[in-house]
Amino acid sequence: MQSSSEEIKNKLDIVEVIGQYVKLQKSGANYRGLCPFHKEKTPSFFVSPSRQIWHCFGCSLGGDIFSFIMKIENIEFKEALKILAQKAGVELVYENPQVRSQKQRIIDVNKEAAGFFEQNLWKEKAVMDYLLKRGLGEETIKEFHLGWASDEWNKLSNFLIKKGFKSDEILASGLAISKDTDIYDRFRSRIMFPIEDSSNNIVGFTGRIFQSKTSLKTIRDIERIGKYINSPQTLIFDKSKVLYGLSKSKDYLRSEGNTLLVEGQTDFLAAWQSGIKNMVATSGTALTSYQLKILKRYNDTLVLGFDMDEAGEKAAERGIELALSKEFNVKILRLPEGKDLADFLMDKENKASIKDLVNKAEAIMDFYFTRAQNEGDKTNIDGKKAIASYFLPKIKKLNNVLDRSFWINKLSRFINIPDQALEDELNRLQEGSDESIIDENESLYQFPAAQLRSRIDGIAERIISFLIKMPSLKKEASSYESYFPENFQMIFQVIKNISSGKDLSTESLKKVNLPEGLINQINQLALRADYETELLEKFQVSIEEEFEKELRELKKEYIKKRLEGMEKEIRVAEKNEDKKTLKDLITKFNELSKQLLN
Ligand SMILES: [Zn+2]
């Protein structure tokens with residue numbers, strides 16, 4: 001019987017799936033594009049439709065459709081399986097609920113809770129009225145599954161327990177807090193915004209306080225309990241990683257070519273209703289490099305849609321620096337009179353013009369430059385210094401040399417100080433501040449470095465890949481058989497035994513009963529062969545010629561390794577004064593060395 005993962009692989013076209021993340025172009029039997037996992041200017045990322053694999057010859061990452069989704073979405077195999085099963089229309093057989101992973105249980109708890117909150121909202125007229133009065137439409141409330149957590153201590157917890165969840169699971173989801181032996185609801189008297197991950201799982205909630213009747217009257221009361229609270233960190237929720245709205249907006253991010261970044265759900269939903277779909281929201285955190293990395297998959301222009309008054313600028317500073325260092329175009333949405341987006345959009349006319357405003361957003365450096373001009377009086381030296389000391393650190397954050405020199409020149413003309421002097425001052429600025437750009441989340445995105453291979457492995461790999469491409473070369477290779485490293489002997493045998501005249505197709509591999517690991521290895525090498533032959537053609541070198549050269553190299557490497565081993569043996573023999581062995585070894589050593597010279 002076919003496993004689910006095989007069935008999914010057969011139903012999905014790897015080119016189509018990867019093509020949603022990477023722009024692919026046909027190249028011979030394969031497709032190629034710019035690698036999404038490392039920075040490059042010429043494409044070395046390959047996808048093979050016939051072998052259903054991908055490989056990057058720049059950073060050596062590769063695998064099948066599952067490993068691609070795991071890496072690019074930063075998820076585990078199980079989740080990748082789920083996403084792809086959905087795409088392929090394959091139904092997965094779920095395990096017994098008891099053995100389901102803890103993560104899945106939290107997702108289940110959240111889903112039940114969201115449904116519960118949502119039902120409650122539609123029954124709670126006062127809250128609904130408030131939302132409608134704030135300008136939210138019923139359609140939006142439905143679309144984003146807004147809910148209501150009433151002002152009771154364990155209404156939700158009791159409901160969830162009745163649904164069969166254990167207290168531990170409810171606590172693990174962050175929806176309840178334990179006190180002594182009891183648990184009580186974390187979110188009470190709050191309008192609830194479920195937060196989805198990019199695969200539409202509800203991973204957490206934001207709750208906004210809403211008091212219709214009771215005790216909380218003063219602003220201080222509200223500050224004390226928090227106007228907005230988020231789910232705490234759980235196995236599946238981390239507010240510094242999540243981007244509200246991404247599950248619904250990701251296609252628009254790609255098609256519009258820019259992302260409006262807003263702060264909080266209220267602004268998000270207001271703008272969504274006004275027709276802005278290429279948008280995400282952070283929830284009470286500064287932008288992290290983790291989030292930027294996600295956004296970079298879709299486009300590289302970021303429009304900041306929050307208030308950039310002095311306090312706002314300070315709060316956003318680090319996120320902006322991170323974005324600039326990752327070579328985003330950062331822009332600022334300018335709203336009149338420092339209004340926040342939701343208020344601004346209460347007005348009908350503003351609603352109609354918002355899209356235009358987003359598209360005309362001001363480049364961050366222009367914004368900074370305008371601000372710099374107010375830092376001092378450019379006609380005296382103190383003023384010039386003040387302007388430069390505000391603006392130079394902004395220039396320093398730019399990665400691109402042309403950008404830097406453009407802005408230095410602009411500043412130079414404005415304060416009438418030579419470029420070179422500003423350049424010197426820029427270089428004097430402490431590099432130290434750049435450290436803040438290293439984000440603790442970064443490490444999550446670092447994939448295991450390409451396996452360290454010895455030179456002989458590299459050569460053997462190349463030879464084998466040529467053999468896969470042109471099995472007729474095997475005759476020539478057979479006299480070199482003993483020089484292959486052990487881990488390649490098996491593949492070599494397989495090729496010797498199967499090959500007809502053509503290349504080792506996936507079909508011919510399926511006919512022989514081979515271990516899966518070996519098939520994978522052969523497929524990877526086959527893709528490599530396509531890549532290599534394409535390069536050889538470009539440089540007008542024949543495969544045969546290259547093949548012979550590599551065989552000679554293989555032999556050389558092999559002998560070198562043997563010689564290294566013998567040197568050690570010789571030293572041992574010398575130490576033991578074992579004259580006979582020593583003599584034999586030296587004779588052999590000399591013979592082998594001679595071969596190396598041939
Ligand atoms: Zn790569």
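Which residues are buried in helix α8? In this predicted model, the helix spans residues 155-162, and its buried residues are L156, S157 and L160. Around the helix axis these residues cover an arc of only 100°, so they lie on the same side of α8. The elements that cover them include the helices α5 (102-123) and α9 (167-172), together with the strands β7 (176-179) and β8 (182-185). After α8 comes G164, a residue with a positive phi near 100°.

The loop between β6 (147-149) and α8 contains S150. The relative accessible area of S150 is 12%, and because the limit for a buried residue is under 20%, S150 counts as buried. Leaving aside residues up to four places away in sequence, S150 is in contact with K155, F187, R188 and S189.

Strand β9 (residues 190-196) and strand β10 run antiparallel and are joined by seven bridges. Within this pairing, F193 is placed opposite T206 of β10. The two strands form a hairpin, with five residues between β9 and β10, and N200 in the turn adopts a positive phi of about 65°. Strand β10 also pairs with β11 (residues 228-230), again in the antiparallel sense, over three bridges. Here R208 has Y228 in β11 as its bridge partner.

How many residues of strand β10 (residues 202-209) are buried? The strand is mostly covered, with eight of its eight residues buried. In a regular strand, side chains alternate between the two faces of the sheet.

Strand β1 (residues 25-27) pairs with β2 in the antiparallel sense over three bridges, and the bridge partner of Q25 in β2 is R32. The hairpin of β1 and β2 has two residues between the strands, and G28 takes a positive phi near 65° there. Strand β2 pairs in turn with β3, antiparallel and over three bridges; in this pairing G33 stands opposite F45 of β3.

Which atoms coordinate the zinc ion? The donors are SG of C35, ND1 of H38, SG of C56 and SG of C59, at 2.0 to 2.3 Å. The angles among the four donor atoms are 102 to 121°, and the site is tetrahedral. Along the chain, the donors follow the spacing C-x2-H-x17-C-x2-C. H38 belongs to the loop between β2 (30-33) and β3 (45-48), whereas C59 belongs to the loop between β4 (53-56) and β5 (62-63), so this pair ties together parts that are 21 residues apart in sequence.

C59 has a relative accessible area of 18% and is buried. The two values fall in separate classes because buried means under 20% relative accessible area.

Definitions and conventions
Residues numbered from 1 in each chain as written. Predicted model: local features only at pLDDT ≥ 70, side-chain atom pairs only at ≥ 80, totals over all residues. Heavy atoms only, no water. Donors = N, O, S within 2.8 Å, 3.2 Å for Na, K, Ca; no water. Tetrahedral: all angles 85-135°; square planar, octahedral: opposite > 155°, others 65-115°. Helix = DSSP H or I, 4+ residues; strand = E, 2+ residues; numbered from the N terminus. Buried < 20%, exposed > 50% of the residue type's maximum accessible area, 1.4 Å probe, protein only. Arc of directions from axis to C-beta. Contact = heavy atoms within 4.5 Å. Pairing = 2+ DSSP bridges.
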